[in-house]
Amino acid sequence: MTKRLNLFAFICITILLAGCWNHRELTDIGIIAAVGIDYGQDKRYNMTFQFVNPKNIAGNQQTSGLSGPAITIYESEGDNLLEAARAASQHVSRQLYFAHTDVLMIGEEVARDGLTDILDIPIRNPDFRSTATIVIAKDSTAEQILKTLTPLDQIPANTIDKTLQFSESRWGEDIHLTVGELVPTIYSKSKQAVVSGFVLKGDKEKGKQDANIQSSRPLAPLNADGIGIFKGDKLITWAEGKTARGINWILNNIQSTVMAVDWKDKKDAFGITINLSKSKVSANVKNNKPHITVHIDAEGGITEADTFLDLSKAEELIKVQNALRKEIKKEIENSIQFAQKHKADVFGFGEKISHVDEDYWKKVEDVWNEEIFPNLEVKVEVNAFIRRTYLISKPFLYEHKGND
Amino acid sequence: MENAKLSSYQFFVMILLFEMGTSLVISLGSDAKQNTWFSILLGSLIGILFYHVNYKIYTYYPNELPSSYSKKIVGKFLGSILGYFYIIYFTYICARVTRDFGELLVAVAYTQTPLFIVNAIMIILCVFAVKKGIEVIARTAEINFALMYLFAITGLILILVSGLIELENLKPVLRNNWGTILRVVILETAFVPFGEMIAFTYLFPYLNYSKNGRFLGSFAILLSGINLSITAAINVAVLSVPLFENTQFPLLSTIQYISIGNFIERLDIFFIFAAFIGAFFKIVIFFYVAVIATTDLFHLKDHKKIVYPFGLIVLFLSQTIASNYQEHINEGLKFVPPHLHIPFQIGIPVILLVIAFLKNRKKEKNMSKTMKEG
């Protein structure tokens, strides 16, 4: 009798322990690679979901006869994001699965009105990962960008994510930011948020079609472009090109980049690869007046020389090095001025001040961005070194050509 | 009381797992903001003090459970009432921890599963373990201790490698708001988890070299305090203060941030694992203590008979003590410490110690008197 009872209990527990209560079959879930958020027409939000289409991802070229694009786009509207996401059930045949979402794309219009309404759901929902990259669809809607097919990486979400990663670490004018990293800066008074933008260039209609990935030159390429400057939760302006890189210098986001240095009359005569860069911001408060010092350490080598200068001599190299230091300093100072003009402390100077003198910070935190930061004295120290000139010492080609 | 013996090592790992238990996963003492690590450390020192009070009483009445020696200290009637209240207290705390654990799993992983099912599975497991006795629980602890540390160390390495730690977030260090830090220590961290060591007073008699108890306990509390403190510091460093304060499960958020080369990520299982092991030992030890105290108080022959009814009581209590998670947590933070923890964890033991001390001094005096006379 006990044996039978034990067997019965055994079977019951096996059923429970398999954990099938919460099961979601692979064939019943739609894996979402990217989510886009815009304003809707009938309801407040329009969400765009970029579903991965597992059948059409390369690897099984044999079946390419029936292949379509690697992604499928669905859209749905709702007055809040949860409603919009669930409303998608009406036309998507699978359960929406957010655990593999890599990109959260936000339309510029929405970003200008504030991100607070949008950021609650990603951090509250256990499915959604805070490691997803956040991007703003510059001058367009998230929908337009997510619909674009991309050739090298078949899933556009991967394209966006990887482009930002590499352009941040190898070029320095963009910023690869996760939702988790963004959240603390959204409500902070001492540090304003910065988020990268993405633009769609070329023929926007063709971008949605297979033609975009079948022509050798993408008809509508996706471009990482500029850094969006936030004030509180609202996007206020864009920092582009060198200004954006200046911000990245201070935020210590640059791992490697290239600098161009003018020499005599020739513009951008030297191309210098920076391989190591480190920034340190220190603050102090004297007589109720805050001071900030930005210190940059950088190291690199000359990778291109388009003018004649005897680089085999150390003292000549030092001259180029000094020019490089000036160039970096100018870039950083420009971006500080830019941020000061827009009254948004994106560098977190306020944070540093609050760490050294909390009483002072308590007094000024409400007026920091408006009154104190725009007139803040910032000292920039650049300690850059040119360590080598790679395979050629003297640019001998120009020796014969002469400088022109 | 069961006929069982625990080795020093088993006792040590049981304390460690019990202390880290759910405290590792819930946001413990987060009101102290970036100084949470310190308030936990301070809490553990106070916890050691509490532990010594209990241990001191035990040295007067070796090899006896509190439910029996409280009768000797304050008389049969009052002692029995005390013992009875302690049973209720342990059962209630056991139900609270079960609820904590269930709510956590439902919020994080099993979003469609009813709370009842999650709790029921845990209680079935605990009923089984308690029925098998304390030695089995202790051996389970030995195995799980190794697993837990393996996971903890791997997790720590992964967090360090992914470069998530921003030491800036821990600044300013202990610069001000001492008031808040002390309030957190006095109202939270000293009692949960460190004051909960009161449960181990029922396990002292099982210790094979009971002389080691004082040192073992203090060391285990300190070590668990250090562990929890490091965890809190890492959570703050990764999440920044505002997020740390507002997230329900800081450790989970921290683990979700791990991403190494877009490949090693989504390691939530680390968190679930820690939560499972920790919660199991916390629940099972409270459960066992409640059962064994009842057995002792009512002079039952065997503790096994009352395990099932206790399982049902704990399971239904865990469902009914609160109607939603917020109510549950607020009760735990606002009501329980001043009304239950302070009297049960420190108030009653101190009174018992004072009376026991006076009684024993008298006895010793009498003894020496008779010795002299003799």
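Predicted model: local features only at pLDDT ≥ 70, side-chain atom pairs only at ≥ 80, totals over all residues.

Which strands of chain A does helix α10 lie across, and at about what angle does this helix run to β13(A)? Helix α10 (residues 314-341) of chain A lies across β10, β11, β12 (289-305) and β13 of chain A, and runs at about 145 degrees to β13(A). Helices here are DSSP runs of H or I with at least four residues and strands are runs of E with at least two, numbered from the N terminus, while axes are lines fitted to C-alpha atoms, for helices over the stretch in contact, with angles from 0 to 180 degrees between N-to-C directions.

Residues are numbered from 1 along each chain as its sequence is written, chains are lettered from A and ligands numbered from 1 in the order in which they are written, and side-chain values use heavy atoms, leaving out hydrogens and water.

Now to the sheet itself, which is open, has four strands in the order β10-β11-β12-β13 of chain A, and shows mixed pairing; two strands pair if DSSP finds at least two bridges between them. At its edges are β10 (257-263) and β13 (377-388) of chain A, each of which pairs on one side only.

β10(A) pairs with β11 (residues 266-286) of chain A in the antiparallel sense over six bridges, and within this pair Ala260(A) stands opposite Gly271(A), while Val261(A) has Phe270(A) as its bridge partner. Two residues lie between the strands in this hairpin, where Lys264(A) takes a positive phi near 50 degrees. β11(A) and β12(A) also run antiparallel, joined by 16 bridges, and in their hairpin Asn287(A) takes a positive phi near 50 degrees.

Finally, let us turn to the interface. Here 24 residues of chain A are in contact (heavy atoms within 4.5 Å) with 27 residues of chain B. The area buried between chain A and chain B, meaning accessible area (1.4 Å probe) lost on being put together and summed over both, is about 2100 Å², with 51% given by carbon and sulfur atoms. The rule finds two salt bridges across this interface, where a side-chain nitrogen of Lys or Arg must be within 4 Å of a carboxyl oxygen of Asp or Glu; Arg129(A) and Asp268(B) meet in a salt bridge at 3.1 Å, N to O.

Notes: Buried area = accessible area lost by both parts, 1.4 Å probe.
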